[in-house]
Structures are given as structure tokens and as C-alpha cells.
Amino acid sequence: MTDKELIKAIKNNDQQAFKQFVENNQQLVVNICNGFLHNIADAEDITQDVFIEVFLSINKFKEDAKLSTWLYRIAVNKSLNHIRDNKKHKILNSIDNIKDPDKKMEKELPDVNNSQPEKIIEEKERSQILQYSINSLAKNQKIAFTLNKYDELSYKKIAEIMDISLSSVESLIHRAKKNLQRKLFKFYKKN
Amino acid sequence: MKCKKVNKNLIFYIDGDLSLKQNKEIEEHLSHCKKCSMLYNEIKLSLSVIENEKGIETNPYLYTRIKQRLEDINERSTNPVFAIQQKKLFQPVLVSFLIALGIFIGVSIGNNYPLQENNIADTPSEQYYINDLQQEHVEYFLLNNE
């Protein structure tokens with residue numbers, strides 16, 4: 001089924017076509033969301049929101065545009081909005097943790113059944129350092145880098161999603177890598 | 001190649017973005033510089049986290065959940081109470097109504113309450129203020145003591 005046929009079918013409330021569309025794209029959307037959120041449960045929730053938005057606003061979509069680009073753009077925006085909203089939530093959570101420190105400890109304890117707790121803690125720490133470094137990049141650098149690294153999207157596809165030129169994508173990814181290395185270098189040099 | 005230059009290009013070396021010549025130079029440097037080699041390993045391990053995060057299996061019930069949520073949204077939009085709520089009209093209307101009701105109840109209670117005139121003549125005699133000093137002068141006590 002081509003994009004045009006698929007859009008037409010979804011517009012006509014064809015449940016089977018929508019199901020097919022979800023199944024074909026869910027892996028990529030989850031990957032995009034997880035690339036930004038680094039949390040599978042959150043990524044799945046946002047993926048649901050993304051497909052719901054597609055279904056609800058498909059009538060506004062121009063049939064000559066690329067459906068996948070539109071879908072990925074919604075995924076990026078929803079993920080970034082979730083991060084923004086979560087910042088407020090984190091502040092409230094930190095207040096809760098001050099009130100109830102035992103609760104905070106429970107959350108942070110690693111899985112005791114695992115045979116290599118040290119390795120798990122080390123990996124978690126690495127992941128946090130990387131997340132922190134990626135999140136501290138400029139917004140456009142972060143989007144371009146995440147789409148390229150986590151979702152393995154081509155520079156051309158990223159340019160379409162971000163609505164910028166190919167050379168801008170190249171420049172953004174180059175700068176993102178440079179800044180990321182600087183941040184990681186600083187951290188590991190200190191420790 | 002010097003350490004500083006190697007450190008600047010480590011991420012590009014790991015990603016394979018450098019030319020063959022640059023790759024070889026960095027390789028050579030890493031083989032004899034322990035400090036840079038350690039840093040290279042740390043950065044490589046950090047970036048490998050990305051690879052670990054990629055292989056996520058999607059939830060097989062994702063479509064079922066989306067369908068359920070769409071049905072809920074559809075149900076809400078057909079229900080008039082939820083429809084008002086969705087337009088974000090319900091809350092301000094309710095608040096305005098409660099404020100108006102409060103003012104109305106306050107005014108009606110105020111109108112029904114009998115007015116009390118604050119006239120001194122109506123004050124009972126036992127509540128009059130008695131000035132003791134006028135009746136018992138200090139000089140009078142002094143005279144008695146003598």
C-alpha cells in the first residue's frame with residue numbers, strides 16, 4: 001500500500017489499515033522516543049500518543065507530503081515536550097524525596113538477584129553520564145545526533161524531519177560529536 | 001600526533017569518520033600512550049551504551065492499547081459532560097457559578113439580619129462605666145492615714 005492509499009484508508013476510518021500502519025512503524029517510533037527519553041516505559045507511552053495524534057489529525061495532513069517524516073516529527077516533538085514536562089515533575093519528586101528519603105533509596109537500589117551488580121551499576125553510571133552529556137547539547141544538535149545515532153536515520157531523512165538542509169545536518173552532527181566528546185573528556189579526566 | 005589532537009578526535013575515530021591517514025596516526029599514538037588509551041576505552045564504552053539501548057522489543061499489545069485509548073477519546077467526545085470538559089469550559093464556568101452563588105448567599109443573609117443601632121441610651125445601666133477616681137480622691141486617703 002502506498003502512502004497516499006494508506007492516508008486515504010486511515011481517513012476513511014479503516015481500522016485494518018491503521019493497524020498495519022502502527023505495526024510497520026512502531027519499532028522506529030519507540031526507538032526515536034527512547035533515544036530522547038532513555039526509558040522504555042515512557043517511550044511506549046509517548047509512542048501511543050504519537051499514533052493517536054496521527055489518527056486524530058490525519059484529516060489535516062496533506063496527501064502529497066511524506067507520512068513517515070510527519071510521523072517522526074511528531075515523535076520528536078512529543079519526546080521533547082515530555083522531557084520538558086518531566087523537568088517540572090522531577091523538581092516535585094526531589095521535594096518528595098527530601099520528605100521521605102527511604103522511598104528514594106528503594107528506587108535507587110539495584111536488582112539484588114543479578115549476579116553482577118557491580119557491572120550493572122557501572123553501566124547505569126555510564127548511561128547516566130552519556131544521557132547527561134547528550135541532554136546538555138544544544139536542542140538541534142541533540143535532535144540530529146539522537147536521530148542519527150539511536151535510530152540510524154540517514155542525514156537526508158534527518159534533514160526532512162528537521163526541515164533543514166543536508167549540510168546543516170552534517171554540521172549539527174559534527175558539532176554535537178565534538179561537544180559530546182569535550183563533555184565526556186572533561187568528566188573522565190576529572191575521575 | 002600529540003595527545004591533545006588525539007583527544008579531540010577520539011569520537012570521530014570511534015565512529016570511523018576520519019581519513020585513513022588520521023586513523024593510522026591515532027592508532028599508533030594509542031598503542032604507546034597509556035593515558036590516551038584509557039580515555040579512548042572510557043569514551044568507547046560510554047558510546048556503546050547507545051548500542052545497548054537500541055535493541056528494544058516493542059510491546060505486542062501496543063496497537064490494542066492505542067485502539068482502547070482511541071475508543072475512550074471517542075466515547076468522551078460523544079458524552080456532553082466530557083465534551084464540555086474537553087473544551088476547558090467546565091472549570092471556569094463552575095468557579096464563576098460558585099463565586100456568584102457565594103455573593104448571592106452573602107447578600108441575602110445580610111439583608112435578612114436585623115439591623116442593630118448602636119445607641120448609648122439602649123445600653124443597660126449595669127454596664128455603665130464607673131469612674132472610681134472621682135469618688136475616692138487620693139487626698140482623702142492621705143488625710144485618713146494621719
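Predicted model: local features only at pLDDT ≥ 70, side-chain atom pairs only at ≥ 80, totals over all residues.
Residues are numbered from 1 along each chain as its sequence is written, chains are lettered from A in the order in which they are written, and side-chain values use heavy atoms, with hydrogens and water left out.

The contact between the two chains, with contact taken as heavy atoms within 4.5 Å, involves 37 residues of chain A and 31 residues of chain B. The area buried between chain A and chain B (the accessible area, with a 1.4 Å probe, that two parts lose on being put together, summed over both) is about 3,400 Å², and carbon and sulfur atoms give 63% of this area. Of the area that chain A buries against chain B, 19% is supplied by Q48(A), R126(A) and Q181(A), which is more than any other three residues supply.

Across the interface of chain A and chain B, 13 residue pairs are in polar contact, both residues being at pLDDT 80 or more; a polar contact is a pair of N or O atoms within 3.5 Å, where within protein one must be able to donate a hydrogen and the other to accept it, and residues adjacent in sequence count only if both atoms are side-chain atoms. The elements giving two or more residues to the side of chain A that touches chain B are α2, α3 (40-56), α6 (117-135), α7 (139-149) and α9 (166-190) of chain A, where helices (H or I, at least four residues) and strands (E, at least two) are DSSP runs numbered from the N terminus. With 10 residues, α3(A) provides the largest share of the side of chain A that touches chain B. By class, this side of chain A has 15 nonpolar, 12 polar and 10 charged residues, with Ala, Val, Leu, Ile, Met, Phe, Trp, Tyr, Cys and Pro counted as nonpolar, Asp, Glu, Lys and Arg as charged, and the others, Gly among them, as polar.

Side chains of opposite charge can pair when their charged atoms come close. Under the criterion that a side-chain nitrogen of Lys or Arg lies within 4 Å of a carboxyl oxygen of Asp or Glu, the count over all chains comes to 9 salt bridges, and 5 salt bridges are found across the interface of chain A and chain B. One of the pairs consists of D49(A) and R69(B), whose closest N and O atoms are 2.6 Å apart. Because D49(A) lies in helix α3 of chain A and R69(B) in helix α4 (residues 62-78) of chain B, this pair joins two chains. On the scale of relative accessible area (buried under 20%, exposed over 50%, partly exposed in between, with a 1.4 Å probe and protein chains only), D49(A) is partly exposed at 23%, and R69(B) is partly exposed at 31%. A further pair crosses between chains from K149(A) in helix α7 of chain A to D15(B) in helix α1 (residues 3-15) of chain B, and here the closest N and O atoms are 2.8 Å apart. K149(A) counts as buried at 19% relative accessibility, whereas D15(B), at 23%, is partly exposed. K149(A) and D15(B) also belong to a network of salt bridges that links them with K177(A) and D17(B).

Within chain A, the side chains of E160(A) and K157(A) meet in a salt bridge at 3.8 Å, N to O. These residues are separated by about one helical turn, because they are 3 residues apart in helix α8 (residues 155-162) of chain A. E160(A) counts as partly exposed at 25% relative accessibility, while K157(A), at 15%, counts as buried.

In α2(A), a kink of about 50 degrees is centred on N25(A), the bend at a residue being the angle between axes fitted to the seven residues ending there and the seven starting there. At the start of α2(A), a side-chain oxygen of D14(A) reaches to within 3.1 Å of the backbone nitrogen of Q16(A), and just after this helix H38(A) takes a positive phi of about 55 degrees. N31(A), found in helix α2 (residues 15-37) of chain A, counts as buried at 14% relative accessibility. Apart from neighbours within four places in sequence, N31(A) is in contact with D151(A), K54(B) and I56(B).

Chain B contains 8 helices and 0 strands, and 21% of its 146 residues count as buried. Among the contacts in chain B with a separation of 6 or more, residues 24 or more positions apart account for 49%.
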